[in-house]
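The following exercises ask you to read one model closely, and each task is followed by a solution that goes step by step.

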Amino acid sequence: MADTAYAIEVKNLKKYFPIKGGVLKKTIGNVKAVDDITFNVKRNETLSLVGESGCGKSTTGRTILKLYEPTSGEIFLNGQKISDIPRGKFRRMRKDIQMIFQDPFSSLNPRMTVRSLLLEPLLTHKLASRKEANELVGEMIEKVGLSKEQLDRYPHEFSGGQRQRISIARALIVKPKVVILDEAVSALDVSIQSQILNLLIKLQEEFELTYVFISHDLNVVQHLSDRVGVMYLGQMMELGETKDIYNNPLHPYTRALLSAIPSLDPYEKKERIILHGDVPDPSNPPSGCPFRLRCPKAHDRCAEEKPRFLEKEKNHWVACHLFDE
Amino acid sequence: MKEFFQRLVSDKVGLIGFIGILLVIIVAVLAPVIAPYSPDRMFTEHTLEGPSSQFLFGTDELGRDIFSRTVYGAQVSLQVGLIAVGIGATAGLIFGLISGYFQGKVDQVIMRVMDVFFAFPDILLALTIVAVLGPSLTNTMIAIGIVFTPVFTRLVRSAVMSVKENEYLTSAVAIGVQPVKIITRHITPNIMAPFIVQITLALSGAILTEAALSFLGLGVQPPDPSWGVMLNASRTYMEFAPWTILFPVSAIVLTILCFNLLGDSLRDLLDPKLKQ
């Protein structure tokens with residue numbers, strides 16, 4: 001393992017989904033789900049990817065996990081280049097990088113008991129004998145706040161929050177280094193969300209985990225993240241420390257996004273930035289800046305050239321012509 | 001499992017089918033005890049006699065007891081049904097899992113071959129296969145098994161493709177579970193409901209096809225007591241000795257009815273959407 005401070009490095013990652021059409025199933029276009037993004041995640045930090053539906057944040061997560069083959073670009077896991085390892089070979093390395101899914105009702109096999117769900121990752125990677133594995137399962141289930149007595153039940157006997165705890169246990173039992181959380185709390189009630197988030201924070205410290213947290217809930221993201229990346233139409237618009245992004249957003253899209261956070265104080269005066277129009281078709285994105293059609297500050301240059309992703313302030317990157325003189 | 005039987009009992013129609021099938025199974029297993037005579041024994045002085053206390057269902061043109069032959073016929077029917085459907089269901093499960101899981105070119109090849117089989121009517125295809133292999137009980141079972149393979153393949157394939165959309169499969173891949181275990185542990189148990197329903201329905205189809213093949217002289221060969229063979233033999237005499245055809249036909253109709261009733265009721269019972 002190469003010595004590096006980064007758990008994950010993503011360089012110029014692209015993921016296009018071909019659109020097939022016609023009698024001969026020829027490729028007639030591409031959905032550019034992820035279009036040339038570069039970022040990295042430091043050890044033990046939480047990087048959040050935010051953006052509206054269809055901006056490519058989930059695709060990014062799944063491509064890092066090699067559930068999708070990247071179209072081009074490089075992905076490094078703990079300094080090792082994984083983007084060109086064949087999927088069959090990568091299977092054995094999956095214990096280092098795990099995923100927690102959005103919907104706890106469909107992410108657990110309904111025909112398996114909690115015990116077999118938790119045993120499966122351990123036995124698959126031959127991390128323990130059956131006897132040891134059983135003990136580890138018992139320890140793990142208690143760490144996520146359930147009890148050993150519940151091990152022989154089936155997923156349908158649990159509530160959404162409990163199921164998500166089971167999913168967390170299943171992902172963490174192999175002691176991964178990186179965990180991708182794809183909208184991991186979005187499907188839960190608000191009261192349950194905070195419990196699960198606190199559990200995730202506790203387990204991150206205990207297991208020294210690196211999180212990539214994919215979400216559209218900006219309140220949750222602010223609570224959990226060290227750094228935040230804002231995505232739009234498959235591209236990274238802004239990336240920086242959480243406090244910088246929330247207190248001093250640079251990109252017009254980030255500003256509009258943050259102004260949409262609902263406030264608990266009904267008397268608070270907020271300047272709401274309303275964006276007009278819809279997200280453009282990712283198979284036919286606009287020229288230049290992807291955001292220019294909805295941007296309140298768009299000017300001629302935005303249509304002509306794609307903005308560079310520049311470090312405007314220390315550790316605060318933005319892709320916008322307003323900051324590129 | 002217990003809950004399942006409770007629901008089956010509360011569904012009258014399904015229960016009737018279930019009891020009927022149990023009866024057929026009991027009759028087949030206990031045939032030597034139930035039947036008063038050997039199915040081949042000829043009472044030469046009693047040819048084509050109507051039902052009486054000595055011969056409950058009457059006798060056929062060779063003086064054989066129709067009741068005994070009908071009882072032994074249940075053995076043949078069940079044997080053909082179970083083995084033929086076993087062949088078809090196993091082959092269909094394997095092809096369907098491969099087709100549905102890997103998709104792409106393998107899927108195309110398997111499904112086009114199945115389409116060719118689908119293009120022929122069941123009985124015609126079975127006839128052709130038996131004609132090629134030669135008429136016998138074993139070949140009848142093989143032929144019916146082949147005829148049923150495409151139905152099972154298509155059913156399993158579509159079930160696999162719908163199960164594959166579930167996130168627990170992505171989750172298994174993300175954890176690094178071996179593809180073989182994904183198929184056996186995560187996919188197969190979740191496609192069992194439609195598969196079991198199809199098996200009960202195919203059983204009745206197999207029994208009917210065996211009777212038809214035997215009736216045409218290409219299935220079970222005389223003197224073995226198959227319901228289809230009995231129908232064939234009684235063809236010439238049915239106008240003046242209707243009992244020779246009535247009882248084997250009733251046996252076929254009732255057995256098939258029971259399997260269909262059970263199949264329909266299982267389809268509802270195993271459908272999670274219809275669960276209260």
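Two residues are taken to be in contact if their C-beta atoms, placed from the backbone, lie within 7 Å. This is a predicted model, in which local features need pLDDT of at least 70 and side-chain atom pairs count only at pLDDT 80 or more, while totals for chains, interfaces and linings use all residues. Residues are numbered from 1 along each chain as its sequence is written, and chains are lettered from A and ligands numbered from 1 in the order in which they are written.

**Exercise 1.** Describe the side of chain B that touches chain A.

*Solution.* Begin with the count: 14 residues of chain B are in contact with 19 residues of chain A.

**Exercise 2.** Work out the strand order of the open sheet in chain A.

*Solution.* The eight strands follow the order 6-7-8-3-9-10-12-11 with mixed pairing, two strands being paired if DSSP finds at least two bridges between them. At the edges, strand 6 (97–100) and strand 11 (309–313) of chain A each pair on one side only. Inside the order, strand 3 (residues 46–50) and strand 8 (residues 210–215) of chain A run parallel and are joined by five bridges; in strand 8, S215(A) is the bridge partner of V50(A).

Technical notes: Ala, Val, Leu, Ile, Met, Phe, Trp, Tyr, Cys and Pro count as nonpolar, Asp, Glu, Lys and Arg as charged, and the others, Gly among them, as polar. Helices (H or I, at least four residues) and strands (E, at least two) are DSSP runs, numbered from the N terminus.
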